[in-house]
Amino acid sequence: MFSFRLEQLAKQIDAKLHGDGNLTITGIASMKSAVSGQITFLSDKKLQNNLLECKASAVVMAEESLKYWHGAALIVKDPYLAYAKLAQCLDTTPTPAKDIATSAVIDSTARLGSNVAIGANAVIESGVILEDNCIIGAGCFVGKNTTIGAGTKLWANVSIYHNCVIGENCLIQSGTVIGADGFGYANDKGKWIKIPQLGRVVIGNNVEIGASTTIDRGALDDTIIGNGVIIDNQCQIAHNDIIGDHTAVAGGVIMAGSLTIGRHCLIGGASVINGHMEICDKVTITGMGMVMRPIRQPGVYSSGIPLQENKLWRKTASLVLHIDEMNKRLKALEKKQLNVST
């Protein structure tokens, strides 16, 4: 168990200290569950009244909320951002591996930097480069000639195919597969002929990838994930996709092949994006968006019909199915009116 004095945490997150800086903080929790010795945060002004019943030893908050709290506090401009930094200080997540397990299978030609850890039953193939402070979890597979940058962590059972490049300080969660074949086939009179996928997956620095996500290797050119990209669980990134720096992709997103997404985009969960097109920088696609055409202007884009009672949905669906018919009737009426007026 670790502990910090409140004034230490204030320095860590560049906050203004209010109250007793010698308070001992041993953990972080929500306002509802926090107890003495823990710190919490207030980022939503609508919840200010909840501070009256909060039992935390200290709260991270904006200065305007201080009047609702009579205990110690860390005053910041952006409480949610400060919470993220604070959670890093108080993180109790164990490391995916320590030292090099005796059951790990490591080819003699693999190059390991200093302080590398490899978990039980992991396989490191020939020509692999693991730079300093890499951590490879139990049961991982790292294919031939793949390079993994310094400080990158792989949780258990991650599979990295051959010739991939992963940057520094990345975090890849369990079950993710990077570098599997893209969906490339030619049709020969009804029979599918496989097209070998000869490209790589190249991932930048400070990228985080959730559990059970798949990123396919390129057919000829590479699939590229930029610096600072975050990808949630169970996403499918197809061959030759390019995702720009600092874009965020929520869970369950499916991207078809040869898609280019710009920088600082936000892709909502369960969205489906067509391939062979471009989406410009600073685009937000709300959840369950279906993107069939290029997006050339920054902004927020949505599609789909929100959930309705079944009877109302059936009526809406019926109207949608008759749009073409109604459009023809409208054009006929407009033409008739034009003829009358002339």
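Is lysine 189 buried or exposed, and what is its relative accessible area?

Reply: Happy to! Before we start, please keep in mind that this is a predicted model, in which local features need pLDDT of at least 70, side-chain atom pairs count only at pLDDT 80 or more, and totals for chains, interfaces and linings use all residues. Residues are numbered from 1 along each chain as its sequence is written, and side-chain values use heavy atoms, with hydrogens and water left out.

Lysine 189 is exposed, with a relative accessible area of 82%. Here "exposed" means over 50% relative accessible area, "buried" means under 20%, and "partly exposed" is in between (1.4 Å probe, protein chains only). You will find lysine 189 in the loop between strand E21 (185-188) and strand E22 (191-194). Helices (H or I, at least four residues) and strands (E, at least two) are DSSP runs, numbered from the N terminus. The backbone of lysine 189 deserves a glance too: its phi is positive, about 55 degrees, although lysine 189 is not a glycine. For background, most residues other than glycine have a negative phi.

Aspartate 14 sits in the loop between helix H1 (6-12) and E2, and counts as exposed at 70% relative accessibility.

Lysine 32, in the loop between strand E4 (27-28) and strand E5 (38-41), counts as exposed because its relative accessibility is 81%. The C-alpha of lysine 32 is 6.5 Å from that of cysteine 54, although 22 residues separate the pair in sequence. Leucine 81 belongs to helix H2 (residues 79-89) and, at 45% relative accessibility, counts as partly exposed. From leucine 81 to serine 43 the C-alpha distance is 9.0 Å, across 38 residues of sequence.

Serine 65 gives us a contrast, since it is buried with a relative accessible area of 3%. Its place is in the loop between E6 and E7. Setting aside neighbours within four places in sequence, serine 65 is in contact (heavy atoms within 4.5 Å) with Leu42, Gln48 and Leu51.

Two strands count as paired if DSSP finds at least two bridges between them. Strand E2 (residues 16-18) runs antiparallel to E7 and is joined to it by three bridges, with leucine 17 partnered by leucine 74 of E7. Strand E6 (residues 58-61) runs parallel to E7, with four bridges joining the two; alanine 58 stands opposite alanine 72 in E7.

Elsewhere in the chain, there is an open sheet of ten strands with parallel pairing, in the order E8-E11-E14-E17-E20-E25-E28-E31-E34-E37. Its edges are strand E8 (105-106) and strand E37 (290-291), each of which pairs on one side only. Within this order, strand E20 (residues 177-180) and strand E25 (residues 214-216) run parallel and share three bridges. Valine 177 has threonine 214 as its bridge partner in E25.

Now for the interior. A nonpolar core is a set of buried Ala, Val, Leu, Ile, Met, Phe, Trp, Tyr and Cys residues joined through side-chain atoms within 4.5 Å. The largest one here has 47 residues, and those with the most contacts inside it are Ile136, Ile178, Ile273 and Ile279. Strand E23 (201-203), strand E32 (259-261), strand E35 (277-279) and strand E36 (283-285) are the elements that give this core two or more residues. A second, separate core holds 16 residues, including Leu9, Ile13, Ala15 and Val60.

To finish, zoom in on isoleucine 279. Not counting residues up to four places away in sequence, isoleucine 279 touches Leu259, Thr260, Ile261, Gly262, Cys265, Ile273, Ile285, Val291 and Ile295. So from lysine 189, exposed at 82%, our tour has reached a residue with some of the most contacts inside the largest nonpolar core.
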